[in-house]
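Hello,

I am handing over the structure we talked about. Please open it below, then read on for what was found.

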Amino acid sequence: MTRTSSGISFILFAMLSVALMIVDARSPFLQPVRDSLHFVNRTVESIVALPAAMVDVFERFYPNAQLYDNYQLLRQTYAKQQLQLQRLQALQNENVRLKELLKVSENIREEVFLSQIKNFDLESFSRRIVLDDGRNRGIHLGQVVFEPNGILGQVSYLGDETAVVTLITDSGHTLPVEVERTGQRTLARGSGRPNLLNLPFIERSADIRKDDVLVTSGVGGRFPAGYKVAQVEEVIMDSNRAFLDVSATTFFNIDKVREVLLIKAKQAMPPLLEARGGEPAVSPLPDALQEYFDD
Amino acid sequence: MTSFSLRKVSGRFVLASILFALLLNLMNYPDWFRYAKPDWVTLVLIYWSMQSQPRVNIAAAWFVGLLLDLLLYSLFGMHAFSKIMVVFFAIGLRRYLRLYSIWQQSVIVLIITSAEILVLTWINTIYTGSVADWYYFQSAFMSTLLWPVVYFVLRKFDPNSQIFG
């Protein structure tokens with residue numbers, strides 16, 4: 001291939017690429033293309049997951065395979081319960097601040113289910129993760145995805161058996177949050193860097209300091225309120241600017257996330273605390289694990 | 001050895017090497033290594049572009065990039081653009097790449113991979129409004145470090161190199 005002919009090809013294909021990018025960015029026109037080619041994704045993901053799957057199979061042949069199963073079950077139960085406990089904590093805090101109790105629409109009993117992250121790594125720009133469940137589990141586009149330590153992100157692409165999650169730390173993602181200590185409501189924006197959020201709208205006179213905990217405020221209705229998001233890392237005051245430069249570290253560590261949880265909202269139920277007389281509404285242990293806790 | 005004809009590496013081998021590089025790109029890496037992932041596809045494309053008769057052309061690179069876009073769930077056309085850029089540079093610079101020692105080649109590879117990351121970051125910034133971060137460029141360094149590996153491994157299968165050493 002001579003230099004000039006490759007030059008012409010390059011210009012042609014470059015223009016074509018730019019056209020494609022504009023179309024993909026501005027319209028859902030190319031979505032059906034992605035959907036119809038999804039089988040390619042699945043095949044490649046299965047191939048790429050093979051080494052890890054082989055290691056898993058190998059591990060199961062240890063003499064204490066039973067222990068491994070129970071450990072997995074314990075992990076999952078623990079993860080679900082951690083999430084439920086967080087909601088309880090947030091409700092207790094609201095009481096302490098003498099706020100009016102939330103209306104019925106907020107007291108929705110939620111059913112939590114776990115999803116495995118497929119062994120799949122995406123490029124470094126977008127910290128997206130791919131889940132092993134899609135429409136078949138009733139997941140919908142935009143659904144909020146949680147991690148035992150708090151909110152992880154939203155489903156941004158949905159397939160029949162796959163979902164791609166965009167994280168709250170992705171640049172361009174905005175999350176309505178509230179400072180737990182003061183009740184101040186603001187927006188947390190993804191920084192593009194792992195585990196780091198920015199709060200770009202804190203004015204200089206605001207009361208915020210390091211180690212303040214941020215929780216979701218529920219403003220806008222997209223994300224449920226009361227879930228932990230991040231902890232303030234740095235508050236920098238620059239005398240030239242009107243806003244403080246506040247950064248916060250998420251409670252989850254993206255490199256360590258193993259399973260995620262999704263919530264299906266069911267019908268409304270009475271507030272957790274009142275109905276149970278102060279006892280936390282935590283689901284009972286599965287029978288298989290009961291033996292570990294009987295003494 | 002009487003006849004001195006130049007045998008071409010089979011087209012299927014070229015394709016297989018590119019597909020294998022694609023799998024390597026998508027493979028999981030340990031947590032601490034995540035931002036330094038080398039771009040195997042770029043390295044393999046550079047190798048096949050630097051042949052005196054390049055074994056990949058712009059069109060092929062475009063399709064490879066598009067496939068990568070599909071598999072990474074990224075903006076359609078983003079990696080297609082970056083890969084055609086890589087091949088365009090590599091084909092244009094192939095006279096130098098062929099003459100230079102492995103160290104000098106590495107410098108050119110570093111420039112090409114860094115330029116690719118720069119372009120990808122630009123596109124990402126336009127698309128998502130993200131702020132570019134310098135640690136994305138670790139990947140360029142890692143790719144450059146692995147260039148000798150790709151070069152020597154692929155060369156083993158290249159009948160021309162056996163003749164000329």
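Chain A has six helices and twelve strands. The model is a predicted one. Chain A runs to 295 residues, and 41% of them count as buried. Its accessible surface is about 16,100 Å². Carbon and sulfur atoms hold 56% of that surface. Now take the contacts in chain A with a separation of 6 or more: 59% of them join residues 24 or more positions apart.

Next, the second largest pocket. Its space is about 750 Å³. Lining residues come from both chains: 33 residues form the lining, and those nearest the centre are A:R128, A:S156, A:T166, B:Y73 and B:Y127. Which element gives the most? It is β4(A), with four residues. By class, the pocket lining holds twelve nonpolar, 15 polar and six charged residues.

Then the cavities. How many of 30 Å³ or more does a search of the whole structure find? It finds two. The second largest cavity has about 30 Å³ of space. Its lining is made up of A:Q86, A:Q89, A:A90, A:E180, A:V215, A:G226 and A:K228. Helix α4 of chain A, residues 65–96, gives the most to this lining, with three residues. The cavity lining divides into two nonpolar, three polar and two charged residues.

Two loop residues of chain A deserve a look for their backbone angles. Start with A:N195. This residue is not a glycine, yet its phi is positive, near 60°. Find A:N195 in the loop between β7 (185–190) and β8 (196–199) of chain A. Is A:N195 buried or exposed? It is buried, because its relative accessible area is 15% and the cut-off for buried is under 20%.

The other is A:D211. Its phi is also positive, at about 75°, and A:D211 is not a glycine either. A:D211 sits in the loop between β8 and β9 (213–216) of chain A. Its relative accessibility is 45%, so A:D211 counts as partly exposed. That class covers values between the 20% limit for buried and the 50% limit for exposed.

Last, one residue in chain B: B:S17. Look for B:S17 in helix α1 of chain B, which spans residues 11–26. B:S17 has a relative accessibility of 10%, so it counts as buried. What does its side chain lie close to? A polar atom of the B:S17 side chain is 2.6 Å from the backbone oxygen of B:V14. Leaving out residues up to four places away in sequence, B:S17 touches B:V44, B:W48 and B:L154.

- Begin at β4(A), which gives four residues to the lining of the second largest pocket.
- Go on to helix α4 of chain A, which gives three residues to the lining of the second largest cavity.
- Visit A:N195 in its loop between β7 and β8, then A:D211 in the loop between β8 and β9.
- Finish in chain B at B:S17, in helix α1.

Best wishes

Definitions and conventions: Residues are numbered from 1 along each chain as its sequence is written. Chains are lettered from A and ligands numbered from 1 in the order in which they are written. This is a predicted model: local features need pLDDT of at least 70, side-chain atom pairs count only at pLDDT 80 or more; totals for chains, interfaces and linings use all residues. Side-chain values use heavy atoms; hydrogens and water are left out. Buried means under 20% relative accessible area, exposed over 50%, partly exposed in between (1.4 Å probe, protein chains only). A polar contact is a pair of N or O atoms within 3.5 Å; within protein, one must be able to donate a hydrogen and the other to accept it, and residues adjacent in sequence count only if both atoms are side-chain atoms. Contact means heavy atoms within 4.5 Å. Accessible areas come from the Shrake-Rupley method with a 1.4 Å probe; for residues, only the protein chains shown count as cover. On a 1 Å grid over the protein atoms alone, a cavity is a set of points where a 1.4 Å probe fits but cannot get out, and a pocket is an open set with protein on both sides within 12 Å along at least five of seven lines; lining residues have an atom within 4 Å of a point. Grid points are joined across faces, edges and corners, and a volume is the space filled by probe spheres set on the points. Ala, Val, Leu, Ile, Met, Phe, Trp, Tyr, Cys and Pro count as nonpolar, Asp, Glu, Lys and Arg as charged, and the others, Gly among them, as polar.
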